Amino acid sequence: CCRARHAGTAPTVRMTERGRKRQAPMSPEPTSPKLGSMNETCPGLAKHLQAEERALRADTFSNVLNGELIERSKEAKRLVEEVHKVHTHEDAVSNGLVKEVLAALHGTHRMSVQLTTWLGTFTPPLSVGGNAGVSAEVQDGIYSNMQQLVQTCSDGLHRMLAFEKERAMMRLKCLEEKGGSEEARESVWRRYESALEENQLHELRKTCLTLNADLLCVAHTLKNNGEHLTTHSNQNLTMF
């Protein structure tokens, strides 16, 4: 032991059969069950989704594409003409034009979300190649236009609310807070109100113009590219 310690090497240790560690037996790797066909694995879910798909497509084809989309486009065009006839935002409020624009934004938002959901029923499975990719590319292009319409409606509603909130807050701040004479506060509010009115009217006109343009864009995109959407019914490749 002393020689080994001086030489810088550890002494050799002999392990007996009794002290030798035994290797643990190998356990088999867990296998995950394959889902297989969803119609066979989850028949209740498949039946429910197939019924929803049929109802959504029937309603969208008959009531939206051949009805509501056309009426919404005509309404947006009329609103563009009407909003450019008024000279102040107060006139637009008094004659009910602002309420009409708000109603059009709410209704178009609901319709555009339904169109987006309907478009999703044409999504081919990710595992499918070939001609299914054509439908996927066309779908992406149409989807972006529909999402733009959804965003236009949401942004228009939020901006109109923000202007009304700004009006209430600034009127309170200018007229009811302490500091300066009442005439000075009234003068500040009149100047601010004039600029606010001009911007509100601009926002109202811009919202109507954008709504009309986006509706026409969605209609043109569907007309020119709708025939390339396919569910691959001969291969039983549908969303559900």
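Glutamate 100 and arginine 78 join their side chains in a salt bridge, 2.8 Å from N to O. Glutamate 100 sits in helix α5 and arginine 78 in helix α3, so this pair ties together parts 22 residues apart in sequence. The model is predicted. The protein chain has 7 helices and 0 strands.

**Overall chain**

- Along the sequence, the protein chain reads α-α-α-α-α-α-α.
- The protein chain holds 240 residues, and 31% of them are buried.
- Among contacts with a separation of 6 or more, 81% involve residues 24 or more positions apart.
- The accessible surface of the protein chain is about 16600 Å². Carbon and sulfur atoms account for 54% of that surface.

**Salt bridges**

- The whole structure contains 10 salt bridges.
- Side chains of opposite charge can pair when their charged atoms come close.
- In the bridge between glutamate 100 and arginine 78, both partners are partly exposed: glutamate 100 has a relative accessibility of 31%, and arginine 78 has 34%.
- Glutamate 82 and lysine 85 form another salt bridge, at 3.9 Å from N to O. The cut-off for a salt bridge is 4 Å, so the 3.9 Å pair counts.
- Glutamate 82 is partly exposed at 31% relative accessible area. Lysine 85 is exposed at 55%, because the exposed class begins over 50%.
- Arginine 190 and glutamate 186 meet in a salt bridge at 3.8 Å, N to O. Both residues lie in helix α7, which covers residues 182-225. They are 4 residues apart, about one turn of the helix.
- Arginine 190 is partly exposed, with 48% relative accessibility. Glutamate 186 is also partly exposed, with a relative accessible area of 31%.
- Glu68, Arg72 and Glu75 are connected through a network of salt bridges.

- Phenylalanine 61 is partly exposed at 40% relative accessibility. Tryptophan 118, at 4%, is buried, because buried means under 20% relative accessible area.

**Serine 112**

- Serine 112 lies in helix α5, which spans residues 97-120.
- Is serine 112 buried or exposed? Serine 112 has a relative accessible area of 1%, so it counts as buried.
- Which residues does serine 112 contact, leaving aside its neighbours within four places in sequence? The contacts are Met146, Leu149 and Val150.

**Helix α5 in brief**

- Serine 112 is buried, and so is tryptophan 118. Glutamate 100 is partly exposed.

Conventions
Residues numbered from 1 in each chain as written. Predicted model: local features only at pLDDT ≥ 70, side-chain atom pairs only at ≥ 80, totals over all residues. Heavy atoms only, no water. Helix = DSSP H or I, 4+ residues; strand = E, 2+ residues; numbered from the N terminus. Buried < 20%, exposed > 50% of the residue type's maximum accessible area, 1.4 Å probe, protein only. Contact = heavy atoms within 4.5 Å. Areas by Shrake-Rupley, 256 points an atom, 1.4 Å probe, with all protein chains shown as cover.
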